[in-house]
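Please read this briefing alongside the sequence and the model, and follow each point on the structure as you go.

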Amino acid sequence: MANHLAQEVDSRRTFAIISHPDAGKTTLTEKLLLFGGAIRDAGTVKGKKTGKYATSDWMEIEKQRGISVTSSVMQFQYEDFRINILDTPGHQDFSEDTYRTLMAVDSAVMIIDSAKGIEEQTLKLFKVCRMRGIPIFTFINKLDRQGRQPLELLAEIEEVLDIETYPMNWPIGMGKEFYGIYDRHNKRIEQFRTDDDSRFIPLDDNGEIIGDHPIKQNALYDQALEEVLLLDEAGNEFSIEKLNKGTMTPVFFGSALTTFGIQTFLETYLEFAPPPQPRMSSNGEIEPSSEGFSGFVFKIQANMNPAHRDRIAFVRICSGEFERGMSVTLARTGKQFKLSQSTQFLADDRSTVNKAVSGDIIGLYDTGTYQIGDSIAEGKSIIQYEKLPEFTPELFVKVTAKNVMKQKSFHKGIHQLVQEGAVQLFKTYRMEDYILGAVGQLQFEVFVHRMKNEYHSDVVMEPMGSKIARWVEDDQIDESLSSQRSLLVKDRFDNPVFLFENEFALRWFTDKNPSIQLKDPMEID
């Protein structure tokens with residue numbers, strides 16, 4: 001049993017795809033699913049005219065806008081590997097969802113637009129990966145369009161991200177004169193826009209094409225050879241140790257839209273990416289192949305199936321084997337219950353899962369049992385995994401139901417969407433008026449759209465502008481301290497929170513009330 005479990009766990013690869021919006025993240029996800037046989041036809045993100053949409057963009061607003069606003073989970077088999085892809089939102093307004101998702105993976109794939117290089121959101125997400133020591137693989141995308149010079153892109157990655165690079169392959173030209181890639185790792189040339197029979201050209205021990213071939217007459221091929229020679233002599237040496245520590249990133253070039261370089265990337269990724277790793281918990285480090293099942297909830301999503309108005313808690317399995325119907329203990333409450341309804345995903349297409357092992361992502365039907373960050377373990381064991389990151393909201397609005405006759409659906413919608421963690425709910429002390437807080441404006445727009453379409457509740461929002469939220473350590477707070485510049489509210493767990501108008505108001509309050517301890521949840525304990 002133990003040996004079988006270890007083999008199953010070792011075949012898992014669980015990674016997130018991170019990038020700035022429009023770098024090609026969802027398109028790459030689609031093409032990986034295509035190679036895994038999980039889908040027959042890849043839609044593009046901007047598929048409005050054709051009616052084809054990306055598999056991972058299942059929410060109606062995502063299809064309308066052509067962006068990802070929620071992390072999607074997709075699982076498929078490729079050769080001897082079971083792959084779990086978590087496609088994350090690139091838009092900065094949804095950073096919190098992405099950051100939590102990064103807690104559930106063993107490696108990350110960073111996509112960079114060859115014309116734009118390192119962009120702001122890529123840098124932010126990279127820093128989270130670095131903080132966790134996650135191995136990072138880099139895919140430089142859109143080589144079929146004119147972009148920046150490859151050596152310039154490598155230099156930027158090393159300087160801006162402070163990480164060593166090792167190109168696994170190297171482009172031969174770009175844009176209209178893109179001929180393919182020089183594959184250093186597999187010792188072959190992969191030609192662009194050619195039949196499968198002639199796509200690969202083998203290289204000899206000196207790294208040159210064996211015999212005659214028309215591409216040898218191309219000046220861009222000669223240039224690629226010179227640059228590869230420079231990389232061999234002056235570039236970094238590949239180190240699996242540095243990769244596993246997150247201090248070196250293998251770099252791949254290709255074009256997700258034209259499906260070029262994707263299979264080569266996937267196969268090389270699977271060769272070097274780590275299987276499920278040990279995780280820290282309240283009981284010390286837990287090995288993925290230990291026999292007792294345990295895992296944690298990193299995401300809750302309502303209405304993935306609009307017909308059933310259901311809610312799914314996404315669980316990363318950290319140890320052992322999951323079996324449908326097994327009894328577990330929820331660490332936060334100490335309560336035991338059976339996991340009788342479970343599912344696995346291909347975006348919004350799902351099937352009942354009876355068994356899964358460490359490294360897999362499963363969905364548990366949730367009737368209000370779970371919170372983001374909850375840990376569960378087999379039998380009576382109580383295991384609490386590391387705390388997930390919490391963001392401090394920066395923008396605030398007052399929200400009310402447009403139709404007072406639809407208060408029931410209004411309250412249900414608010415409470416379910418708040419539990420997903422994209423927006424935070426606050427209430428005023430006396431009147432208990434609802435206030436929503438979010439990291440970015442787009443989160444409010446998505447909230448309004450989903451309230452109308454999923455809960456049939458039109459809402460009225462009154463902007464309050466940006467505020468600085470600070471939680472109060474002592475729950476016995478004097479309500480008279482509330483003012484226009486320092487509004488006292490309660491979060492959804494009835495903890496007191498001050499919403500300060502600006503930094504000056506925060507400093508003034510702190511100076512006047514030195515005995516009151518204020519806390520920012522973004523600060524690590």
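Helix H2 and helix H9 (residues 262-272) have axes that come within 10 Å and cross at roughly 75 degrees, where axes are lines fitted to C-alpha atoms, for helices over the stretch in contact, and angles run from 0 to 180 degrees between N-to-C directions. H2 and H9 are therefore roughly perpendicular to each other, given that angles under 35 degrees count as roughly parallel, over 145 as roughly antiparallel, 65 to 115 as roughly perpendicular and the rest as oblique. This is a predicted model, in which local features need pLDDT of at least 70 and side-chain atom pairs count only at pLDDT 80 or more, while totals for chains, interfaces and linings use all residues. Residues are numbered from 1 along each chain as its sequence is written, and side-chain values use heavy atoms, with hydrogens and water left out.

**The pair H2 and H9**

- The contact (heavy atoms within 4.5 Å) is made by Leu28, Lys31, Leu32 and Phe35 of H2, together with Ile262, Gln263, Phe265 and Leu266 of H9.
- Sorted by class, the residues of the contact of H2 with H9 are six nonpolar, one polar and one charged, where Ala, Val, Leu, Ile, Met, Phe, Trp, Tyr, Cys and Pro count as nonpolar, Asp, Glu, Lys and Arg as charged, and the others, Gly among them, as polar.
- Helix H2 (residues 25-35) has nine of its 11 residues buried, so it is largely enclosed by the rest of the structure; buried means under 20% relative accessible area, exposed over 50%, and partly exposed in between, with a 1.4 Å probe and protein chains only.
- The buried residues of H2 include Lys25, Glu30 and Lys31, as well as Leu28, Leu32 and Leu33.
- H9 is mostly covered as well, with eight of its 11 residues buried, among them Ile262, Phe265, Leu266 and Tyr269.

**The pair H10 and H11**

- Helix H10 (residues 407-419) packs against helix H11 (residues 441-455) at an angle of about 125 degrees, and their axes are 10 Å apart.
- H10 and H11 are therefore oblique to each other.
- In H10, the residues Ser409, Phe410, Lys412, Gly413, Ile414, Gln416 and Leu417 meet Phe447, Arg450, Met451 and Tyr455 in H11, and by class this contact has six nonpolar, three polar and two charged residues.

**Cysteines**

- A search of the whole structure finds zero disulfides, a disulfide being a pair of cysteine sulfur atoms within 2.5 Å.
- Cysteine 129 is buried, with a relative accessible area of 0%, and cysteine 318 is buried too, with a relative accessible area of 1%.

**Positive phi angles in loops**

- Glutamate 432 is found in the loop between strand S25 (424-428) and strand S26 (434-438), and its phi is near 55 degrees, a positive value in a residue other than glycine.
- Glutamate 432 is partly exposed, with a relative accessible area of 39%.
- Aspartate 494 lies in the loop between strand S29 (486-491) and strand S30 (496-500), and its phi, near 70 degrees, is a positive value in a residue other than glycine.
- Aspartate 494 counts as partly exposed, at 45% relative accessibility.

**The chain as a whole**

- The chain has 12 helices and 31 strands, where helices (H or I, at least four residues) and strands (E, at least two) are DSSP runs, numbered from the N terminus.
- Of the 525 residues of the chain, 57% count as buried.
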